[in-house]
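Please look at the sequence and the three-dimensional structure shown here. The report that follows takes up its parts one after another.

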Amino acid sequence: MSNFSIRELPNACLVMSDGKFFLGYQIGIKGEVVGEACFSTAMTGYQEAITDPSYTEQILFFTCPHMGNTGVNNDDKEKDIVGVKGIVLCNFVHLGSNQRANDNFDKWLCENKIVGIYGLDVRAITRYLASKGCNVSCIIASYPYGIKSLNSNFFKSKKGDNDSLQYIRSLHSKLCNQKMKSNTDLAKNVVCNEPFSWENGHWSVSAMHRNNLRVAVIDFGVKLSILRFLYSLGCNVKVFPYTVNINEISSYKPNGILLSNGPGDPMQTFIDCKDLLMSFLYSNIPLFGICFGHQLLALALGAKTHKMDHGHRSITHPVFDVINNCTYITTQNHGFVVDKTTLDTEEIQITHTSLIDGSIEGIKSIKNKAFSVQYHPECAPGPSDSIYLFNDFVHMMKKDIHYC
């Protein structure tokens with residue numbers, strides 16, 4: 001059930017950096033937000049996606065025709081801090097229906113101070129975004145008086161000085177004057193301030209199934225589902241910000257290190273944590289990197305990364321396992337990728353590749369006990385094909401009970 005009438009004038013607009021604009025209707029709070037445009041073709045998991053720290057500073061386009069069908073709940077969030085700047089929807093269901101829901105979608109967006117627009121043909125816009133490549137910036141804004149229908153080429157026309165036209169022109173001017181944060185260390189905005197132990201996951205295990213393995217999770221914007229999986233496998237989990245001193249992590253005496261997912265340019269973050277990552281490699285403690293952590297591990301092993309045309313963001317990406325000669329369907333959310341041409345084959349072995357574009361989806365160190373994947377084995381949302389990687393990590397730690 002939609003919550004707007006087609007007879008109403010649009011009261012929100014989406015303006016692209018090239019001047020293309022779309023009129024729609026406000027959802028969430030009123031306001032203006034600027035961010036990098038990215039799209040997800042996932043048909044489910046909107047709450048997990050919006051709370052995923054990897055989307056920090058981005059405006060997320062959902063191609064799913066309807067959003068809000070299942071409402072929202074307290075268990076499906078991936079971070080308490082919402083990093084998404086705004087959302088773009090085709091339509092949303094005003095009254096969600098699900099036994100786990102405890103709130104409706106629009107109210108939740110307002111509580112989390114998210115600006116959104118709906119009533120657009122997002123699939124057509126996605127084709128436009130895909131044709132433009134990376135670094136497409138856009139702005140979402142609400143307009144209290146209602147926006148009249150306008151010709152999409154009005155930027156080139158000298159005619160028409162009505163209020164709606166001038167308003168959209170002013171938005172485009174703001175967008176052109178604002179610099180995008182594509183080469184910025186965004187991880188620092190979403191990491192924890194102090195180390196903390198994770199013991200309150202709703203995926204709990206009985207005391208008899210707990211083990212003595214200690215996992216130090218290095219936080220670059222970690223999703224809560226990663227912590228839940230580790231905890232559900234019986235591990236003692238402690239989260240550290242990547243700015244922490246190595247001695248503080250060493251005093252925890254971890255059996256394994258996990259490099260988490262996160263937002264932004266990995267090279268910018270690597271500058272600040274290079275010494276920390278190199279210490280992990282030299283200690284030869286089992287190390288597991290996920291998404292952003294995968295890129296950081298590659299950088300630590302001497303490779304380089306670069307920005308993709310429009311990234312991988314969905315829950316149906318096929319990945320080929322080179323070692324086991326099989327295919328997995330994976331959840332992905334990344335705009336940067338490891339550059340194949342920079343790999344040192346004496347240091348790095350490719351373990352997984354994308355069946356869409358051939359990009360690197362997994363590596364392992366030849367000389368160290370470290371491996372990583374570009375996708376999200378914790379799913380949330382998405383298929384659970386790759387949760388075996390958490391078991392592999394635990395098995396690696398059990399085989400090598402090693403302390404700092």
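## The barrel

Leu14 stands opposite Phe22 in β2, and β1 (residues 12-16) and β2 (residues 21-28) pair in the antiparallel sense over four bridges. Strands are taken here as DSSP runs of E with at least two residues, and helices as runs of H or I with at least four residues, numbered from the N terminus; two strands pair if DSSP finds at least two bridges between them. The model is predicted, so local features need pLDDT of at least 70 and side-chain atom pairs pLDDT 80 or more, while totals for chains, interfaces and linings use all residues. Residues are numbered from 1 along each chain as its sequence is written, and side-chain values use heavy atoms, with hydrogens and water left out.

Seven strands close into a barrel in the order β1-β2-β6-β5-β4-β3-β7, with mixed pairing, and the twist averages 35 degrees from one strand to the next. Angles run from 0 to 180 degrees between N-to-C directions, on axes that are lines fitted to C-alpha atoms, for helices over the stretch in contact. Helix α4 (residues 163-177) lies across β1, β2, β3 and β7, running at about 45 degrees to β1; contact means heavy atoms within 4.5 Å.

## Helix α3

Helix α3 (residues 122-132) has Val122, Ile125, Thr126, Tyr128 and Leu129 as its buried residues, where buried means under 20% relative accessible area, exposed over 50%, and partly exposed in between, with a 1.4 Å probe and protein chains only. These residues cover an arc of only 160 degrees around the axis, which puts them on the same side of α3; the arc is that of the directions from the helix axis to the C-beta atoms.

The buried residues of α3 pack against β1, β2, β3, β4 and β5, whereas the face turned away from the buried side carries the exposed residues Arg127 and Ser131. Just after α3, Gly133 takes a positive phi of about 80 degrees.

## The open sheet

Ten strands form an open sheet in the order β8-β10-β9-β11-β12-β17-β16-β15-β13-β14, again with mixed pairing. Because β8 (196-198) and β14 (326-338) stand at the edges with a single partner strand each, one side of each is left without a neighbour in the sheet. Neighbouring strands of this sheet are turned by 25 degrees against each other on average, direction ignored.

Strand β13 (residues 305-321) runs antiparallel to β14 and is joined to β14 by eleven bridges, with Lys307 opposite Phe336 in β14. Helix α7 (residues 266-283) lies across β9, β11, β12, β13, β14 and β17, running at about 170 degrees to β11.
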